[in-house]
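Here is a short briefing for a first look. Take the overall layout first, then the details.

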Amino acid sequence: MSIKAKRFRAQSIHHLIDGSGELGSVVRMATLLQKAQQHLRAGLPTEIAEHVYVGGYREGALTLITDGAVWLTWLRYERQRLLKLLRQLPEFEAVLTLNFKVRPVHPLKAPAYQPRALSSEAAHHLKTCADDTTDPKLKKALTRLASHTPDNA
């Protein structure tokens with residue numbers, strides 16, 4: 001008994017992602033959902049907009065996710081207005097209903113910038129090492145590091 005392996009040719013990323021590739025439909029759907037997200041947030045009051053996320057679209061039903069039950073209640077009361085708002089987009093004219101879910105959503109946030117500074121003593125040691133080094137690249141790197149003191153800023 002032999003096992004025959006299928007031979008696949010490597011495909012370019014462009015081919016996979018564009019409309020004809022295997023991932024094309026996923027990319028198109030993600031783009032549509034992002035467009036719906038932006039449109040909804042623009043039409044919602046600011047205190048609610050940051051708590052509403054578009055979760056998915058399937059068979060005429062758009063899923064909206066919120067991070068609290070209080071926002072879910074508001075969304076349910078505003079269902080018809082939200083449907084009108086979504087149907088303004090040509091891609092979502094066929095939305096028949098909205099499904100709502102409560103899930104804690106934690107959007108990606110960039111880590112807080114923490115500036116770092118060297119003590120003047122550490123900078124002095126780095127400058128001394130740079131003066132004693134013959135390698136030009138290392139000398140340049142050590143000098144650059146030594147310049148990160150509050151005195152030089």
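Helices and strands here are DSSP runs, numbered from the N terminus; a helix (H or I) has at least four residues and a strand (E) at least two. By that count Leu83 belongs to helix α5. The model is predicted. Its chain holds 7 helices and 3 strands.

**Overall layout**

- Along the sequence the order of elements is α-α-α-β-β-α-α-β-α-α.
- The chain has 153 residues, and 27% of them count as buried.
- Take the contacts with a separation of 6 or more: residues 24 or more positions apart account for 51% of them.

**The largest nonpolar core**

- This core has 21 residues.
- The members that touch the most other members are Leu40, Val54, Leu62, Leu64, Leu82, Leu98 and Phe100.
- Helices α2 (24-43), α3 (46-49), α4 (69-77) and α5 (79-86) each give two or more residues to the core. So do strands β1 (52-58), β2 (61-66) and β3 (97-102).
- Which element gives the most to this core? It is α5, with 4 residues.
- Leu82 touches Leu40, Leu44, Leu64, Leu75, Leu98 and Phe100, leaving out residues up to four places away in sequence.

**Helix α2**

- Helix α2 has 20 residues.
- From first C-alpha to last, α2 reaches 29 Å, close to the 28 Å expected at 1.5 Å a residue.
- The buried residues of α2 are Gly24, Leu33, Ala36, Gln37 and Leu40.
- Leu40 is also among the core members that touch the most others.

**Helices α4 and α5**

- These two helices pack at an angle of about 70°, and their axes are 4 Å apart.
- Angles of 65 to 115 degrees count as roughly perpendicular, so α4 is roughly perpendicular to α5.
- From α4, the contact uses Trp74, Leu75, Arg76 and Tyr77.
- From α5, the contact uses Arg79, Arg81 and Leu82.

- Is Leu83 buried or exposed? Its relative accessibility is 3%, so Leu83 counts as buried.
- Leu83 is in contact with Val95, Leu96, Thr97 and Leu98, setting aside neighbours within four places in sequence.
- Leu83 and Val95 are 12 residues apart along the chain, with 7.3 Å between their C-alpha atoms.

**Two residues of strand β2**

- Leu62 lies in strand β2. Its relative accessible area is 0%, so Leu62 is buried.
- Not counting residues up to four places away in sequence, Leu62 touches Leu33, Val54, Gly56, Tyr57, Leu86, Phe92, Val95, Thr97, Leu98 and Asn99.
- Leu62 and Leu96 sit 34 residues apart in sequence, and their C-alpha atoms are 8.2 Å apart in space.
- Thr66 is in strand β2 as well. With a relative accessible area of 0%, Thr66 is buried.
- The contacts of Thr66 are His51, Trp71, Leu72, Leu75, Lys101, Val102 and Arg103, leaving aside neighbours within four places in sequence.

**The aromatic pair**

- How many aromatic pairs does a search of the whole structure find? It finds 1.
- The rings belong to Tyr57 and Phe92, with centres 5.4 Å apart and planes at 75°. Planes over 60 degrees apart count as edge-to-face, so this pair is edge-to-face.
- The pair links distant parts of the chain, 35 residues apart. Tyr57 is in strand β1, and Phe92 is in the loop between α5 and β3.
- Tyr57 has 24% relative accessibility, so it counts as partly exposed.
- Phe92 has a relative accessible area of 1%, so it is buried.

**The loop between β1 and β2**

- Glu59 is found in this loop.
- Most residues other than glycine have a negative phi. Glu59 has a positive phi, near 50°.
- Is Glu59 buried or exposed? Its relative accessibility is 77%, so Glu59 counts as exposed.

How values were computed:
Residues are numbered from 1 along each chain as its sequence is written. This is a predicted model: local features need pLDDT of at least 70, side-chain atom pairs count only at pLDDT 80 or more; totals for chains, interfaces and linings use all residues. Side-chain values use heavy atoms; hydrogens and water are left out. A nonpolar core is a set of buried Ala, Val, Leu, Ile, Met, Phe, Trp, Tyr and Cys residues joined through side-chain atoms within 4.5 Å. Buried means under 20% relative accessible area, exposed over 50%, partly exposed in between (1.4 Å probe, protein chains only). Contact means heavy atoms within 4.5 Å. The expected span of a helix is 1.5 Å times one less than its number of residues. Rings of Phe, Tyr and Trp (its six-membered ring) pair if their centres lie within 6.5 Å; planes under 30 degrees apart count as stacked, over 60 as edge-to-face and the rest as tilted. Axes are lines fitted to C-alpha atoms, for helices over the stretch in contact, and angles run from 0 to 180 degrees between N-to-C directions. Angles under 35 degrees count as roughly parallel, over 145 as roughly antiparallel, 65 to 115 as roughly perpendicular and the rest as oblique.
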